[in-house]
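Reader: I'd like to go through the labels on this one and hear what stands behind each. Could you take them in turn?

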Amino acid sequence: MKDKIIKDKLPKHVAVIMDGNGRWAKQKGNMRLFGHQNGVKAVREVTEAAAELGIEYLTLYAFSTENWNRPKAEVEGLMSLLVSTIASETKTLNNNNVRLRVIGCHNLPASVQKKLDECVAQTASNTGLTLVLALSYSSRWEITEAARQIAADVKSGKITAESIDENTVSQYLSTSFMPDPELLIRTSGELRISNFLMWQIAYSELYFCETLWPDFRKDDFYRAIVEYQGRERRFGKTSEQVRN
Ligand code: IPE
Ligand code: IPE
Ligand code: MG
């Protein structure tokens, strides 16, 4: 699959909704947390694949605002898995020149926030792939926060209401440091967005696959890129316009 990828037509930013951990574990007669634990391998694979290809930004949806409503034991298990994974992977991130950033993150337990801050600081000077973790993230929350901040800045006279355009909105979102994703991947056969990057994916190519997240490997990632490269992105224009 990797050989089919056109090197000069790579997306700059790929976003992934990593879904299906619970079902993967259940199929094997295990607890849901076992699925999350095995999802870490897939995270490693995709991060490595993206870094090797030279993709600039990889955003992974790791925990949604709505996921707080899951059973307490699962939430706690996920949080401690996060802390231990981040701690153990920081070295690998540095070895691979990967910079970690996070979006969302409201109401995270202090221990998780601390580990995240440490890893972000320790990888801040890396210049390769930027790995963005969406953690305790939801798009409606993000847009609401942006609206509140814009309103505050209008009130204080920092900006005028008339000057607000699409760029302004983008700049107030937590993703302002990166381009919109050209490609969004969701695993596990679910055909929905689940409150992820709704502003940013306005013109993203959507790719859904049946593979459950813990089974997702480099080749699955390459397959998504190849499919993306075969699509015609028209942005409202006609096919003829795009081709000429
Ligand atoms: C995705 O897998 C991981 C998180 C949401 C944290 P799920 O836990 O949603 O797995 P399924 O969808 O129940 O199989
Ligand atoms: C979306 O998956 C969130 C993450 C992958 C972290 P969910 O499994 O929580 O989504 P829904 O609730 O089934 O839509
Ligand atoms: Mg799910």
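Author: Happy to, starting with a definition: helices (H or I, at least four residues) and strands (E, at least two) are DSSP runs, numbered from the N terminus. With that in hand, Ser188 falls in the loop between strand 5 (183-186) and strand 6 (205-208). On conventions, this is a predicted model, where local features need pLDDT of at least 70 and side-chain atom pairs count only at pLDDT 80 or more, while totals for chains, interfaces and linings use all residues. Residues are numbered from 1 along each chain as its sequence is written, chains are lettered from A and ligands numbered from 1 in the order in which they are written, and side-chain values use heavy atoms, with hydrogens and water left out.

Reader: What makes Asn195 buried?

Author: Its relative accessible area is 13%, therefore Asn195 is buried. Asn195 lies in the loop between strand 5 and strand 6, and has a positive phi of about 65° although it is not a glycine.

Reader: Why is Lys155 called exposed?

Author: Lys155 has 78% relative accessibility, so it counts as exposed. You'll find Lys155 in helix 5 (residues 139-155).

Reader: And why is Thr168 called buried?

Author: Thr168 comes in at 11% relative accessibility, so buried is the label. Thr168 belongs to helix 6 (residues 166-172).

Reader: What does the side chain of Thr168 make a polar contact with?

Author: The side chain of Asp165, at 2.8 Å. A polar contact is a pair of N or O atoms within 3.5 Å; within protein, one must be able to donate a hydrogen and the other to accept it, and residues adjacent in sequence count only if both atoms are side-chain atoms. Leaving out residues up to four places away in sequence, Thr168 touches Ile159 and Ser163, where contact means heavy atoms within 4.5 Å.

Reader: Now the ligands. Which residues are around ligand 1?

Author: Among them are Asp19, Asn21, Arg32 and His36; a residue is near a molecule or strand if one of its heavy atoms lies within 4 Å of it. Helix 1 gives the largest share of that shell, 3 residues.

Reader: Which polar atoms lie by an oxygen atom of ligand 1?

Author: One is a polar side-chain atom of Asp19, at 2.8 Å. Arg32 also has a polar side-chain atom 2.8 Å from a ligand 1 oxygen, and a polar backbone atom of Asn21 is 3.1 Å from one. On its own ligand 1 exposes 380 Å², of which the protein buries 87%; accessible areas come from the Shrake-Rupley method with a 1.4 Å probe, and for residues only the protein chains shown count as cover.

Reader: What about ligand 2: which residues are around it?

Author: The shell includes Asp19, Tyr61, Asn67 and Ser194. Strand 2 (residues 57-64) gives the most to it, with 3 residues. Taken alone, ligand 2 exposes 390 Å², and the protein buries 78% of that.

Definitions and conventions
Buried < 20%, exposed > 50% of the residue type's maximum accessible area, 1.4 Å probe, protein only.
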